[in-house]
2 protein chains.
Amino acid sequence: MATARLKDLARKTGFSISTVSRALLGYRDVNPKTRERILEAARELNYYPFQAGKQLRSGKTHTVGFLIPTYGKRFSDPFFIELLSGIGDMASTLDYDILVGTSGGGGKEIEAYRRIVGSGRVDGLIITRTKINDERITYLLETKTPFVVLGRVNNAPNAPFIDIDSKAGIKQLTEKLIELGHRRIALITSPNELIFTRYRNEGYREALLENGIEIDETLIAIGNLTQESGRQCALELLKQKNRPTAIVAVNDLMALGAYSAVQQSGLEIGKDVSVTGYDGISMAENAHPPLTTIEVPIYEIGKRLFEILFKIINHQKVEHPQILLPPKPVFRASIGKPPGTNNPSHTFKTGNDLSVGEKKIKPKLRRIL
Amino acid sequence: MATARLKDLARKTGFSISTVSRALLGYRDVNPKTRERILEAARELNYYPFQAGKQLRSGKTHTVGFLIPTYGKRFSDPFFIELLSGIGDMASTLDYDILVGTSGGGGKEIEAYRRIVGSGRVDGLIITRTKINDERITYLLETKTPFVVLGRVNNAPNAPFIDIDSKAGIKQLTEKLIELGHRRIALITSPNELIFTRYRNEGYREALLENGIEIDETLIAIGNLTQESGRQCALELLKQKNRPTAIVAVNDLMALGAYSAVQQSGLEIGKDVSVTGYDGISMAENAHPPLTTIEVPIYEIGKRLFEILFKIINHQKVEHPQILLPPKPVFRASIGKPPGTNNPSHTFKTGNDLSVGEKKIKPKLRRIL
DNA sequence: CTGTTAGCGCCTTCAG
DNA sequence: CTGAAGGCGCTAACAG
């Protein structure tokens, strides 16, 4: 019952190992009857080509690597499972596998990359959470290892990537808050070394400055992207005597953490304090009130990231190696006019999406019928 | 700049390939000076043994497999990222990698297992979301592939596993609701074919029956473990004229979905409707109000699952191959007395854990001082 | 159309 | 203490 190998198929069918191999690979110089018998035997014995042998010959692993970035031990952004699902589904469609690793406790992250690439375990890598002058990128370029980035990098102008224009995204959310009448708008942002922090901070700053609002550094808190850190940052922000009436968080998890802080402080989201996030994880939609955020089609992006990487690995031409998608803000009940405004505070109805990035025409037509 | 191989080290140091190999593996029959020179060269050239070559010789992949169970495309239970982090951290400590796959769209799940095992890509597997008479288990037993299960199986009495006694867990939560005065307690459960559904349903049924409450089948809804399905199940349940005053969901994600439904219906969680979950994901703690649930130390369990699998793979003795952990209920503000009771409805304070599984003595002492 | 042969990188006898 | 040789499973060039 041990797993079948070419040898076994050869013995069983009476042909040589190489004929068996050729038949299975679909070479044309094999007698159709022979091929049929061999395929039959392969099915019967549940044959799957032994990967290591194949790799040794071909140099291909049919595997791509993805290292889960971890900030501390209880890292659990659902974002990554969706990303992984997207990558995984497309990978399995194209008959690839995914090697997943973690930076593994205290070990240096780059070391994990060196090991995986150096030992020839993958044909390419998908990189996320890029940092300023990211050493992983430098290493992959040096070793000519194919890779694709979710997000952007600053040390490789030609690196293939997919990203959302998050500067524009955060800017739009901030502008919406300003439009609603907010002036004291806080920002819960991410560590400075992360590339995307730059873009998101910039969006916030631009929105304020263009509307004549001065940047108040005491309204800016730096979290580590976890829900708990969002809660703590928000608690600090709300402690101030002249507390903010709105909080812009750079990811949904921290925004949801801010929810806790607001409610814990006896305040109401969307009324006393408006909150926005970024990512569009499903928890955002189902939160109470539903969270205003930027929808990121992360499952789809995962698929497309893999497609790009696949093409690079197989030396196919990549039509668009650098994709910057427009942000898709979704305004929900987590934002409203600041307290002290006459008008009804809830501008957006619970559970009702008002997507800007997407044109929704169908519903209107339906109503007419 | 191509990756260094034994050949390169041999050329560089002037020794033969086999001497280099032995030096690197720490064999004692190598001249210390020789070894030093070889190790030096290895460091310099950034040598990592080529995995495929090693595997071909040794039969070991130093890799374990984990297939993400997907119910539909937007599956995103944060539970799995934490599990994966635990597995991954322990794996990297013991110098193993993880091969992750998805069932990949419509493809049969078992096919993915056959391919991964058949092609010799892994030394063992971690299995989750087991079904009744799970065919994966049958297959792994047949092929003598090492595996370990998160949860239990019904078709392999000796299969190594780690599980929480979820029957007892759900029972404790249900009993607590009964104790608070609830009589119409609904259940949002999972598909029947999942093994754990049995245990959790049983806990619910036992709690009711032992307290003289009849099972009302109209109070039982079956979801698919996603937040959205929890919301829909709860909506159905709350539509009834004689609506339930409490909802027991078999996982946190569905419980949080129920939150939406309750609030959408203009009701208040913990007051009009009590809700409990299961898993203890971080979103449960940060929800509003915080969710009563069973804490599952999933990161730790991931680590221990890998340890067990590691031992099985390496033919080490496993002291406790079957581990059933006691449930650890955490009562939070999502539950209270049913409406119409005189006493104040909020028995549990927001954000204050009242863990039963854990003895908390320190706080009391602190108060005395 | 089919079989023989060589070699990918590694480890491990076996000789010396 | 060191080197030569064989073979894990697979593919591809070559011979017939």
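Reader: What share of the 369 residues of chain A counts as buried?

Author: This is a predicted model, in which local features need pLDDT of at least 70, side-chain atom pairs count only at pLDDT 80 or more, and totals for chains, interfaces and linings use all residues. Residues are numbered from 1 along each chain as its sequence is written, while chains are lettered from A and ligands numbered from 1 in the order in which they are written. A residue is buried if 20 or more other C-beta atoms, placed from the backbone, lie within 10 Å of its own, exposed if 12 or fewer, and partly exposed in between. For the 369 residues of chain A, the buried share is 50%.

Reader: How many helices and strands are there in chain A?

Author: Helices (H or I, at least four residues) and strands (E, at least two) are DSSP runs, numbered from the N terminus. In chain A they come to 14 helices and 13 strands.

Reader: Which residue of strand E4 of chain A is the bridge partner of A:Ile126?

Author: A:Ile126 belongs to strand E3 (residues 124–127) of chain A, where A:Gly124 and A:Ile126 point one way, A:Leu125 and A:Ile127 the other, and all are buried. Two strands pair if DSSP finds at least two bridges between them. E3(A) pairs in the parallel sense with strand E4 (residues 147–150) of chain A over three bridges. In E4(A), the partner of A:Ile126 is A:Val148.

Reader: Which helix of chain B gives the most to the side that touches chain A?

Author: Residues are in contact if their C-beta atoms, placed from the backbone, lie within 7 Å. The contact takes 61 residues from chain B and 61 from chain A. Elements of chain B that each supply at least two residues to its side include helix H4 (51–58), helix H5 (78–93) and strand E2 (97–102). The most, 10 residues, comes from H5(B).

Reader: Which residue of E2(B) is the bridge partner of A:Val100?

Author: Strand E2 (residues 97–102) of chain A pairs with E2(B) in the antiparallel sense over three bridges. In E2(B), A:Val100 has as its partner B:Ile98.

Reader: Which helix gives the most to the surface near DNA strand D?

Author: A residue is near a strand or molecule if its C-beta atom, placed from the backbone, lies within 6 Å of it. There are 24 residues around DNA strand D, and those that come nearest are A:Leu6, A:Ser18, A:Phe50, A:Gly53 and B:Thr19. With five residues, the most is given by H4(A).

Reader: How many charged residues does the surface near DNA strand C have?

Author: DNA strand C is surrounded by 25 residues, the closest being A:Ser18, B:Leu6, B:Ser18, B:Phe50 and B:Gly53. Ala, Val, Leu, Ile, Met, Phe, Trp, Tyr, Cys and Pro count as nonpolar, Asp, Glu, Lys and Arg as charged, and the others, Gly among them, as polar. Near DNA strand C, nine residues are nonpolar and nine polar, and the number charged is seven.

Key. Two residues are in contact if their C-beta atoms, placed from the backbone, lie within 7 Å.
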